[in-house]
Amino acid sequence: MSHASRTGTGAGTGTGTRTAPRICPLCEATCGLTLTIEGTTVTGARGDRDDIFSRGFICPKGASFGGLDADPDRLRVPLVRGEDGELREATWSEAFDRIAARIPALTEAHGPLAVGVVLGNPNVHTMAGALYPPLLLAALRTRNVFTASTLDQMPKHVSSGLLFGDAHAIPVPDLDRTDHLLLIGANPLESNGSLCTAPDFPGRLKALRRRGGTLTVIDPRRTRTARLADRHVAIRPGADALLLAAMAQVLFAEKLVDPGALAGHLEGLDELAAALADFTPDAVAAACDVDAATITALARELAAAPTAAVYGRIGSCTVEHGTLASWLVDVLNILTGNLDRPGGALFPLSATARAPRPAAPGKGPVPGKGPVPGKGPVPGKGFALGRWASRVSGHPEAKGELPIAALAEEIETPGEGRIRALIVLAANPVLSAPDGDRLDAALTGHLDFMVSVDPYLNETSRHADVVLPPPPPSQSAHFDFAFNSFAVHNQVRYTPAPVPLEDGRMDESEIHARLILAVSGMHGAPPSAVDDLAISTTLTKAGAPPEPAAGLTGRSGPERRLDLMLRLGPYGLTLEELLAHPHGIDLGPLKPRLPEVLRTRSGRIELLPAPVAADLPRLRRALDGRPAPLVLVGRRHLRSNNSWMHNVGSLGGGSNVCTLQIHPDDAARLGLKDGTTVRIESAGGGIEAPAEITDTVRSGVVSLPHGWGHSRPGTRMSVAAATPGANVNQLLDGTLLDPLSGTAVLNAIPVTVTPSG
């Protein structure tokens, strides 16, 4: 059965014009697109009005799908470094032969810790990036794992792990039914949402306002989202945890705590009240630069709302107390009874999630069913931090990962366990991690071997000995394993590749499978062996017999694995059902799921976990800190997604520029004019950027976007190099981390700004 007959549109090979559905892979909103295709070229993209989740919404990134897909700078064949030190085009066989000859030999000589793995943001936007890295890590047996999470959302994983026992149990705001939404450190009108998968986030917020709901935004910048709000609180950057703690203190002090149906699932409520007693609105007001009356009003409004949800994102994660802020977001939802109820913050149930409980013989899985009523909490394994530590600085692991800010020192510092080989999957840490200059030098002078899986020769992959380029998105199937777990409405969608794989290219899943075989001593085995092993392992973990593997459908290993996960999932779906519904299947609104999501040792929500309690004195010390005269925060542009979309010409210009935004009062004090080049310096170094004078940032704050700095030689990203911008992460030396999560502090960084020259 061909893809064309299965979807009704499919991967045709003719020369006529046709349309095909494709889920957009360019941000977390996962909107449905309708692609216009002439022959094998995508000539247009519009919103898919029949998509059951996005209903036709599209943003500039989705509209640029064709330009990104056909980017002439995308690599089409592997690159291998020759004896002269230069990268040259090679065959796929030559590339994997080189990997098979080097990686196993290095691990044999120096042990598994000699290999490090870096996983970048784009991995969660592809099927291959979701399915294969865990198998690669298992094959390598290394603990030297670094991901973009410690530049982004790791504090939320850690706080969820400590509260609920599962680092992936992240509640999302019920946007379509809430009466009161409080956003802190989030700008979804430009980011499209994050850890909250919601196509048309702007429309959902406007609908909230139309139905009489209230939107509150806490942000040091007057963002597009803040301009839509009923109340905008321009907090001092980095003080998020203090303000949230004070709001919780008000709830306790004024007897507004009402957990409702959660009461029987809580542990440590009295201890939490005592731990937060010192964080009164009066005590935190100066540090937050928010008056005590406003803080008190925020807490009262949250408690009084019929339903409410607090949602925090990267602005509150990538700060000195990121884990505490993430923890307090859920604490406020819990104390007001808004966790796990419609209109509050709920736990999505994706179609490929682990089924909530075993089904009775002859029955399908039963979604939404937890332990038997009356049996009490069911203990789980819980969540632990610091099971091992990094070799050089002793950073504790979090969720099996080490801080990416420590990558350079793990490569360059001599001794047993030094990283000698690096496998980089869709990551560009030279731009995205602190102190790219140091990492750049480490990759140049201290590695024995490096592999990059990347469509571009960028600031990081230019150092690789082997570069393996995946095909463009039009030639890849798509399923959102990660983002469906954060969706504001339960649904499931799958789109086969709308364009056939071009001659000479290799499917991304096959690239990953062959990489796993090459590093594990199985070089030359068929890629299907990796998928067969994954299917067998999945069945074993599910306690299922091996026979179901024979009945799986799908034309590829990833499709067969998807079919198995759907069958074992809570809705008992199949791949064929998804293929019969090319615009998706609506699985209904989010529903309460406690206690089934809890994996804590107590079987309850552990409100004051020991690591959090131990970190609260550090937050108390922040009450007496003297704020820096000028601090730096980041910002997100609607037409950008970190460094990996800066080579699309149609997305450049307009607001998508690398400028230092500065308040008029600060500009006047420093003698700066709009558009002039300024020098920005901090503990980590200095950079230059044009000044943009604007009152959208509060005084004492400057803002520079993340992911720029495309000025290094040896790359092949012509559009990005033409407007390189400045790498904000070069201002950071990598020493300032949130201690619980290992996340780099990217916001509220003290800086000085002076006219350049």
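**Figure 1. Lining of the largest cavity in the predicted model**. By class, nine nonpolar, two polar and three charged residues make up the lining of the largest cavity. These 14 lining residues include Lys156, Pro171, Val310, Tyr311 and Gly312, which lie nearest the centre of the cavity. Two or more residues of the lining come from each of β8 (172-173), β13 (309-312) and α16 (322-335). The space in this cavity amounts to about 100 Å³. Across the whole structure, the search returns four cavities of 30 Å³ or more.

**Figure 2. The second largest pocket and the residues around its centre**. This pocket holds about 560 Å³ of space. Of the 29 residues that line the second largest pocket, Arg236, Pro237, Arg626, Pro627 and Ala628 lie nearest its centre. The elements that contribute two or more residues to the lining are α13 (281-288) and α24 (610-621). Divided by class, the lining of the second largest pocket consists of 18 nonpolar, six polar and five charged residues.

**Figure 3. Buried and exposed faces of helix α24**. Helix α24, which also gives residues to the lining of the second largest pocket, has the buried residues Val612, Asp615, Leu616, Arg618 and Leu619. Viewed down the axis of α24, these buried residues fall within an arc of 165°, and they therefore line one face of the helix. Ala610, Ala614 and Arg621 are exposed residues on the face of α24 turned away from the buried side.

**Figure 4. An open sheet of seven strands**. The strand order is β28-β21-β25-β22-β24-β23-β29, and the pairing in the sheet is mixed. At the edges stand β28 (749-750) and β29 (752-755), each of which pairs on one side only. Within the sheet, β21 (residues 631-633) and β25 (residues 701-703) run parallel and are joined by three bridges. Val631 stands opposite Val701 of β25. Ala748 is a residue other than glycine with a positive phi, near 65°.

**Figure 5. The antiparallel hairpin of β2 and β3**. Strand β2 (32-38) pairs with β3 (residues 41-47) in the antiparallel sense, over six bridges. Glu38 has Thr41 of β3 as its bridge partner. Two residues lie between the strands of this hairpin, and Gly39 takes a positive phi near 65°.

Figure 6. The search of the whole structure finds zero disulfides. The phi of Thr30 is near 55°, a positive value in a residue other than glycine. With a relative accessible area of 1%, Thr30 is buried.

**Figure 7. Two prolines in loops, Pro595 and Pro414**. Pro595 is placed in the loop between β19 (585-588) and β20 (605-606). The peptide bond that runs from Leu594 to Pro595 is cis, with omega near 5°. Pro414 belongs to the loop between α17 (407-412) and β15 (421-425). Pro414 counts as exposed because its relative accessibility is 67%, where the cut-off for an exposed residue is over 50%. Between Pro414 and Val392 there is a separation of 22 residues in sequence and of 9.5 Å in space, C-alpha to C-alpha.

Definitions and conventions. Residues are numbered from 1 along each chain as its sequence is written. This is a predicted model: local features need pLDDT of at least 70, side-chain atom pairs count only at pLDDT 80 or more; totals for chains, interfaces and linings use all residues. Side-chain values use heavy atoms; hydrogens and water are left out. On a 1 Å grid over the protein atoms alone, a cavity is a set of points where a 1.4 Å probe fits but cannot get out, and a pocket is an open set with protein on both sides within 12 Å along at least five of seven lines; lining residues have an atom within 4 Å of a point. Grid points are joined across faces, edges and corners, and a volume is the space filled by probe spheres set on the points. Helices (H or I, at least four residues) and strands (E, at least two) are DSSP runs, numbered from the N terminus. Ala, Val, Leu, Ile, Met, Phe, Trp, Tyr, Cys and Pro count as nonpolar, Asp, Glu, Lys and Arg as charged, and the others, Gly among them, as polar. A disulfide is a pair of cysteine sulfur atoms within 2.5 Å. Two strands pair if DSSP finds at least two bridges between them. Buried means under 20% relative accessible area, exposed over 50%, partly exposed in between (1.4 Å probe, protein chains only). The arc is that of the directions from the helix axis to the C-beta atoms.
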